[in-house]
Amino acid sequence: MTIEILRSAQAQKLTGRPRSSFYQQISQGLLPPPIKLGARAVGWLASEIEAVNKARIQGKSDDEIKILVASLIKQRSQL
């Protein structure tokens, strides 16, 4: 299993959101928070961003996406 980590610009591009909306969705629980990579570096799991994008394509509500994001965050401890 390959784990791909996206930097901010890549993750934003995949969501199609500008920077401000991207971080707003994180604060609202509609996107997973970043993973700390170092003292001043963060990234996002590509699989998590893809899962949220698929949920959006499927027409899931914001409440359903929040549940999805919470489960994705919980799954991080199992990697």
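Leaving aside its neighbours within four places in sequence, which residues is Gln12 in contact with? Gln12 is in contact with Arg17, Pro18, Arg19, Phe22 and Tyr23, where contact means heavy atoms within 4.5 Å. Before we go on, a word about the model: it is predicted, so local features need pLDDT of at least 70 and side-chain atom pairs count only at pLDDT 80 or more, while totals for chains, interfaces and linings use all residues. Residues are numbered from 1 along each chain as its sequence is written, and side-chain values use heavy atoms, with hydrogens and water left out.

Let us stay with Gln12 and look at the helix around it. Gln12 has its place in helix α1, which spans residues 8-15. Helices here are DSSP runs of H or I with at least four residues, strands are runs of E with at least two, and both are numbered from the N terminus. Gln12 is buried, with a relative accessible area of 13%; buried means under 20% relative accessible area, exposed means over 50%, and partly exposed lies in between (1.4 Å probe, protein chains only). Ser8, Ala11 and Thr15 of α1 are buried as well as Gln12. These four cover an arc of only 100° around the axis, which puts them on the same side of α1; the arc is that of the directions from the helix axis to the C-beta atoms. The face turned away from that buried side carries the exposed residues Ala9 and Lys13. What covers the buried residues of α1 includes β1, α2, β3 and α3. Just after α1, Gly16 takes a positive phi of about 75°.

Thr15, also in α1, is worth a visit. Thr15 is buried, with a relative accessible area of 16%. A polar atom of its side chain lies 2.9 Å from the backbone oxygen of Gln12. Not counting residues up to four places away in sequence, Thr15 touches Phe22, Leu31, Ile49 and Asn53.

Phe22 takes us on to helix α2, where Phe22, Gln25 and Ile26 are buried. They cover an arc of only 105° around the axis, which puts them on the same side of α2. On the face turned away from this buried side you will find the exposed residues Ser20 and Ser27. The cover over the buried residues of α2 includes α1, β3 and α3. Just after α2 comes Gly29, with a positive phi of about 80°.

Now for the core. In soluble globular proteins, nonpolar side chains tend to be buried together. A nonpolar core is a set of buried Ala, Val, Leu, Ile, Met, Phe, Trp, Tyr and Cys residues joined through side-chain atoms within 4.5 Å. The largest one here has 14 residues, of which Ala11, Phe22, Leu31, Trp44, Ile49, Val52 and Ile65 touch the most other members. The elements that give two or more residues to this core are α2, α3 and α4, and the largest share, 4 residues, comes from α3. As for Ile65, not counting residues up to four places away in sequence, it touches Gly29, Leu30, Val52, Ala55, Arg56 and Lys60.

Next, the sheet. Three strands form an open sheet in the order β1-β3-β2, with antiparallel pairing; two strands pair if DSSP finds at least two bridges between them. β1 (5-6) and β2 (35-36) stand at the edges, each with a single partner strand, so one side of each is left without a neighbour in the sheet. β2 is joined to β3 (residues 42-45) by 2 bridges, and Lys36 stands opposite Val42 in β3.

Finally, the charged pairs. A salt bridge is a side-chain nitrogen of Lys or Arg within 4 Å of a carboxyl oxygen of Asp or Glu, and by this rule the count comes to 2. In one of them, Glu48 pairs with Arg76, the closest N and O atoms being 2.8 Å apart. This pair links distant parts of the chain, 28 residues apart: Glu48 in helix α3 and Arg76 in the segment after α4. Glu48 is buried, with a relative accessible area of 3%. Besides Glu48, the residues that Arg76 touches include Pro32, Pro33, Pro34, Ile35 and Leu45, not counting residues up to four places away in sequence. Arg56 and Asp62 meet in a salt bridge too (3.1 Å, N to O). Arg56 is partly exposed at 30% relative accessible area, and Asp62 counts as partly exposed at 38%.

Note on methods
Polar contact = N/O pair within 3.5 Å; in protein donor to acceptor, adjacent residues only side chain to side chain.
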